Amino acid sequence: MEQQDDEAAPPHAYHDDATSVSSDGTITIGEDAVLIDGAEASDDENYPYRQPSPILKYIPTRVQRTSRAITRWAKGPQPPRPWKIQPYFPTVQYAPVQFLNNYFPKRKQKVLLLIFFYICWLLCFGLVLHRSAFASDIPGHGSPVRVTCTDRFWNDGNGCGLNGNLCRPFENSTLAFRCPANCKRVEVVNPHAVGDQEVNYRPLVIGGPTNKEKDLEYTFYRGDSFICGAAIHAGFISNQDGGCGVVSLVGEQSRFPSVKQNRITSIGFDSYFPKSFSFLSGTSSKCRDLRWPLLGVSLTFTILLSLFTTSPAVFLPSVYTGIFFHVALASDPPNLTDYYSIVSIALGRFLPASFCMFVVYKYCVRRQQVGLHAQFEKTILWLGGCWVGALNNYTFDRIPIQRLTPHDIQQQPGAIPALIIVVLSLFFIAVGQAWAIRVEGRLPRYLAVYGIFVACILAMVAVPKMNVRIHHYILALLLVPGTAMQNRPSLLFQGILIGLFINGIARWGFDSILQTPDELRGDAPLGSLLPLILPPIVYNNPISSGLLPNITFEWTLPLPGLYDGLSVLVNDVERFRGYEDRGKNSFTWVRHDREVPEYFRFGFLSGSRTADYTKAGKWAVNGGWTEMRPGPGLA
């Protein structure tokens, strides 16, 4: 096969109907051809004269020259030079395709082989997935319930109702559960109150072993801890494979220690909580989250397809479908406990995502991969990059940037340096891609397209009471047109972007680019008014009196116009609701345990819904009172 120059466009044949050249070199002139005098001929191209625009006389000559120079530069070299990858070791890289052509020369044979390949892929993936998704019964406890990495036995704020009655039972109950893999990475991303502490950007695991031997039967966790995170911390299951077991509710416990083990540092709490849990020794089952064996299956079949396929029309749909369902069903499924619902959601998201992928194929992938015979380079750069993007929860999620908001960037450790590195990397990549597009003579069109993109985003920014959020699937769609050329950096970048698109849709769906502040806030503070509590009245009754100490809080009426009541949390459990129409303007609490401190937080009520709670005030063991610090404290 004749190789074309790496940067030169293929030569074009020139034909003129007025003249022809015979085999002996004789020139024949057609009837319509007209000979002109040599003096009339010129090497210069002749263009009709155009009257200069009258506006130009108001523009300085230097500005005009600079503008023309920039325009000429943006148009690139003339003629344009399309990029074309010349494979390293072409014989070796083309060997898989040559092997296929030698043993399956006919098109019909190749089609049948491809169908057989798809069947083998589906069977292998389906069998491993079924074994991974459905576990056998745990003896004496039945089939385990699928739980997500963020599932807990307790709700935030007053979500469990007065005295936690909506979250009963507190004890004498067990649950057979199944955790997915990789739950150690799940953290709280907004400040979470644990007594007078504010926990952020760490797993919500409160408690741990209470004896030096770290026996499982003496390991207790507060009821609002992540179940799977606690199981990993206790060594009951592994983070890499997940696992099954039985969790037991053990009622009220006190003094939850902070312990570092299994690469998780738990949170300490020096008071009591009405609902706690532990894990039953001997019930840990061998069920595993087989996402890593499934990754081996998917990698094997996608690599084989990439090596033996030169047609983009076969390569992209096959790889896209395989990776999409791998992400949606195995490596990063939605947080649902019913696996059949996960399958249903995956199928519902697949069809609209396929339409987007068809557009990407037509305008980006096809232009890049037609005529590409660098099989190993395509596999390493494009397919490897696609898997890096699709496994976003193991790759880019490790970058310490949860959300691009000023508050999160300032609060999250390492976010500012990471953001600087990311922005600089994207800038230099964009400059490199713009130069490559200019060489192909397409830079003016791309500048126009991206100008439209920027104008649309700015128009959405101007929409009142809405926030623009660029999800990573949107970012992929915006940037992938800049990779529609056949060079090695574009192979890598296009693969990464398509992988990010697949992960974004398979995991989260088509979230809107415009979202309300409530959607973005999640469990962050509402920014509401906080109650003003008068200094408490404390009665530190001695033990000899036979009376327990008590503390009384008071507030003034009427309450602010939006609110009709006040809620009080004691040790993060709602213990009081007082409404203005009942004349409630005070709350008295009798100490529950003389040996531990107690923590109080206050928040306005509107019906049964609460506004922000205050930070915690502390009633110490010695009877001293520590006032609440300013600002809201989250549940």
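Asn550 stands opposite Val590 in S19. The two strands concerned, S16 and strand S19 (residues 586-590), pair in the antiparallel sense over five bridges; two strands pair if DSSP finds at least two bridges between them. Strands (E, at least two residues) and helices (H or I, at least four) are DSSP runs, numbered from the N terminus. S16 also pairs with strand S15 (residues 537-539), again in the antiparallel sense, over three bridges. Here Ile537 stands opposite Thr552 in S16.

Strand S16 covers residues 550-554, and four of its five residues are buried, so S16 is largely enclosed by the rest of the structure. Buried means under 20% relative accessible area, exposed means over 50%, and partly exposed is in between (1.4 Å probe, protein chains only).

## Basis of the model

This is a predicted model, in which local features need pLDDT of at least 70 and side-chain atom pairs count only at pLDDT 80 or more, while totals for chains, interfaces and linings use all residues. Residues are numbered from 1 along each chain as its sequence is written, and side-chain values use heavy atoms, with hydrogens and water left out.

## Domains

The domain assignment gives domain 1 (145-279), domain 2 (294-521) and domain 3 (533-633); such bounds come from an automatic or database domain assignment. Between domain 2 and domain 3, the C-alpha centres lie 50 Å apart.

## The six-stranded sheet

An open sheet of six strands runs in the order S3-S4-S9-S12-S8-S7, with mixed pairing. Its edge strands, strand S3 (145-146) and strand S7 (207-209), each pair on one side only. Strand S4 (residues 171-179) and strand S9 (residues 243-256) pair in the antiparallel sense over eight bridges, and Ser173 stands opposite Leu249 in S9.

Strand S8 (residues 219-222) is covered on both faces: Thr219 and Tyr221 on one side and Phe220 and Arg222 on the other are all buried. S7 and S8 run antiparallel and are joined by three bridges; Gly207 has Tyr221 in S8 as its bridge partner. S8 also pairs with strand S12 (residues 269-279), in the antiparallel sense over two bridges. In that pairing, Arg222 has Ser276 of S12 as its bridge partner.

## Helices H7 and H13

The axes of helix H7 (residues 339-369) and helix H13 (residues 488-508) come within 11 Å and cross at roughly 175 degrees. That makes H7 roughly antiparallel to H13 (under 35 degrees is roughly parallel, over 145 roughly antiparallel, 65 to 115 roughly perpendicular and the rest oblique). Axes are lines fitted to C-alpha atoms, for helices over the stretch in contact, and angles run from 0 to 180 degrees between N-to-C directions.

Contact means heavy atoms within 4.5 Å. Residues making the contact include Met357 and Val360 of H7 and Ile498 and Phe501 of H13. By class, the contact of H7 with H13 has twelve nonpolar, four polar and two charged residues. Ala, Val, Leu, Ile, Met, Phe, Trp, Tyr, Cys and Pro count as nonpolar, Asp, Glu, Lys and Arg as charged, and the others, Gly among them, as polar.

## Backbone exceptions

Most residues other than glycine have a negative phi, and most peptide bonds are trans. A cis peptide bond joins Gln78 and Pro79, with omega about 0 degrees; Pro79 lies in the loop between helix H1 (61-75) and helix H2 (90-103). The bond from Arg168 to Pro169 is also cis, with omega near 5 degrees, and Pro169 lies in the loop between S3 and S4.

Asn163 is found in the loop between S3 and S4 and has a positive phi, near 60 degrees. Asn163 is partly exposed, at 30% relative accessible area. Arg255, in strand S9, has a positive phi of about 55 degrees and counts as partly exposed at 46% relative accessibility.
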